[in-house]
Amino acid sequence: MDKKEILKEFSSDSDRYYKVKLFEEQGFVRKSCLKCGRFFWTLDSERSLCPDDADDTYSFIGEPPTTKRFDYTQSWKQVEEFFVKNNHTSVSRYPVVCRWRDDLYFTIASVVDFQRIMGSKVVFEFPANPLVVPQTCLRFKDLENVGVTGRHFSSFCMIGQHSIPDGKGYWKDECIDLDYRLLTDQFGIKKEEVVFVEDVWAGGGSFGPSLEYFVRGLELGNAVFTEFQGELGKHTTLDQRIIDMGAGLERFAWITMGTPTAYDCCFGPINQTLFEKIGIDSDSDILQKYFTEIAKALDNFEDLNDVRRHAIKKARLSDEQLTKVISPLEGIYLIADHLRTLIFAITDGALPSNVGGGYNLRMMLRRINATISKQNLKLDIDQLIDSHIDYLKDTYPELDEKRDDVKKILKIESQRYEESKVHMKKKAEKIREKGIPSVDELITLYESDGITPEYLKEVDAISEIPSSFYSKLSDLHQSEKKKAIAELPLEELPETDTLFYKEDPMEFDAKVIKVFDDQVVLDKTSFYARGGGQEPDHGSIAGFKVINVDKHANIIVHKLEGGVPKEGETVSCKVDATRRANITKNHTSTHILNASSRKILGSWIWQHSAFKEEDHARLDITHHSSLTEEQVKEIEDTANNMVKENLAVNIEYFDRGTAEQKYGFRIYQGGVVPVKSVRIVSIEDKDIEACGGTHVKKTGDIELIKITKTKRIQDGVVRLEFVSGPHAFEYVKQQEIESEHKEYEAAQKAELEKRREENKQKAREQIPILLEKILDGQSGELDGIIVNNKLCFTASRNYDEYFHQNFGKKLVAKDNTAAFCGIFESGPTVRIMVYAGEQSGVNAGVIAKEISSILGGSGGGDAKFAQGGGKDTSKMEQAITKAKSMILG
């Protein structure tokens, strides 16, 4: 949808789309910017330029236009007080991890809180109308701007003012009146300072006019009136119009404080700690001038590096000022911003990783670490985390609850970064030799080796970070691709009556309403369809075997084997009750293991995915490391304690919004719920999830849960494979049998080893006797040693390294025509040792090298003594045959 075309259409009829009561009552006049042509509303009849192009842009820096001063948290209190006083409900922020949308990793705007996907449509579900929310949002496309521009953040608070005009809500007139009074009455901004700019918003198939409001060139908020759907010219009015006003809390604080950057008034006491570390005065005239020039120039250059160069020139900064003031400042602002974002993300259950949205979190932590290293800062990250949380906890109390978890995750990640530096250094040296890498090459380096461009700049492998790097990386990992759904001839069929959510009979009669190929649709069914990781029921329909069941929208399709009934027939159906019972136990066990893992490991544990079959199941959880044996046992013990407690498993239906408000977003363990009525499965207060699967009535019905295997399947995800019920008892029985067998084998091996050791000791005692016989000229086989005219070979297991070494050395010392070659096992390798007298005609080095080569290893030595070996034990017989021929002739 072409926004310029929509704006042109709307602006041609401003009375219809933009004019509100406030403009008439206060005397706002509509102007067209002489420079860019945009339309704006102002009380200054002499004003000819829009806020972006006017001379007063960012003039509030050093000279705020308000009589009141509010920092970040104080600003929210002012906003909240105003809207609550004007009949709005103040709603707590939603998580920054957007688990109610399958097309977003992170919450990017306040309106996303209330968007739900229903089929192909986006619907809005507000917990109150009207409302205001301090929504923390995460955006990563402009990471290179953070700390540099004075106003870009990786996370920010969007003040969400939302209303549905139908019912108790309101529309344009009241919205703009409220926003105007918020600025003038609550924040003390003179009304002449406020300018409204006409704009449009479009997305998700809907669009509408919007009015952005500015003070001295700083956009404080944008009131969007989402009103239409379809294509311009063919559009219709939405059934559910909404007001989506989003304002930046950071900017509200900035406009009242007038600090050189928005960072100076939004991070609280952490700023002072960091300023003291670098010894810089944040209120200096240099900073005001420099950051004002940065702000003005941002839209005039495509590359951020050019913006910096322009501002340096305009502010007349010396190289020393750049090095000692600006660069350190940019670094500490980056640290404060990125750390705050990580605190919110980890609190809400995200983990730094190389998968999905975790890429951005890991990138930010590595940028923090690289900045600390580059500036040689001695910082206590735990102390900085405490400083952030202590400042924010009144507004966001949930941060305080997860304080220790945040510290633990960041500590683990930082250790990994330090451990990877040796590898990164070698890579950086190769990059330096090859020349300047492209943006795509830098992305590959980060994805495959975890090397950030900041690190490469720190070690002088690159001179500048390309401005498009972070936006490209964000695009790659921001959204997940949805699987295509198979198209089936199901048009105009009624919804299937799902008996498995009701009385759930294992035998029932149903009418066949559709047959195509080997698939049938019934008017009702107890066959559970594949979904939520649970495999489908099997059984029979009209005597034909049911081998698969799938759900398409609200229609259930059964795949048969051996034939199909006729359409219109009433048929007998039978569900495999044993299979269903075992899968059901595995499904409830998944919930129990998820809750147990979170209790033992930490709050960051979420279900990543799950699979439940009749005889086995698996649960993938979000966790930073592989599990230890002790952790696995603790999780299993905790799970079985829940089974022994015989807790009730309750199933209730709630309106989706009610469920979210009552239980929070932990209900979305299995992903999004695309229906209005949510099925909540609760194991008392231990685990509460939105789930469409089948479950036992009480946890005691499961009897036993056994974890059979765990492994780290990808960065940040650990898999638990398990069995439950009768299969768990079978597993325990099998483990006991295997354990007994291993014990028997170990005893046998110990006995064999004991006999070998006894034989070896006897062999050592035989060395003088054997030497005497061989030196006297005896040949043939003497106690496992083959002798041919003083040339000796053995591969007997009775002889160890001590024997070979002592026997061979003494033999050739007593007769220089003698030689000895011994092959023996030593741990996982097969070894060879060769001694040869000067007159023996044998070359020890040649034999050792050739035999070692056969064994897949190497040998070394000289003509008189050599040794070697290899790990290819399958070639031992070949090696023995060859060695025997080489030494005995």
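Start by selecting arginine 241 and tryptophan 171: the arginine lies over the face of the tryptophan, 4.5 Å from the ring centre. A charge counts as sitting over a ring if NZ of Lys or CZ of Arg is within 6 Å of the ring centre and within 35 degrees of the ring normal. Now try arginine 30, whose charged end sits over the ring of phenylalanine 39, 3.8 Å from its centre.

A quick note before moving on: this is a predicted model, where local features need pLDDT of at least 70, side-chain atom pairs count only at pLDDT 80 or more, and totals for chains, interfaces and linings use all residues. Residues are numbered from 1 along each chain as its sequence is written, and side-chain values use heavy atoms, leaving out hydrogens and water.

Next, rings with rings. The whole structure holds 42 aromatic pairs (rings of Phe, Tyr and Trp, the last by its six-membered ring, with centres within 6.5 Å; planes under 30 degrees apart are stacked, over 60 edge-to-face, the rest tilted). Pick phenylalanine 275 and tyrosine 333: their ring centres are 6.2 Å apart and their planes at 90 degrees, so this pair is edge-to-face. The two sit 58 residues apart, phenylalanine 275 in helix 7 (residues 270–278) and tyrosine 333 in helix 10 (residues 319–347); helices here are DSSP runs of H or I, at least four residues, numbered from the N terminus. Both residues are buried, meaning under 20% relative accessible area with a 1.4 Å probe, protein chains only.

Last stop: select Tyr94, Trp100, Phe114, Phe124, Phe126, Phe665 and Tyr668, which ring pairs link into a cluster.

Conventions. Buried < 20%, exposed > 50% of the residue type's maximum accessible area, 1.4 Å probe, protein only.
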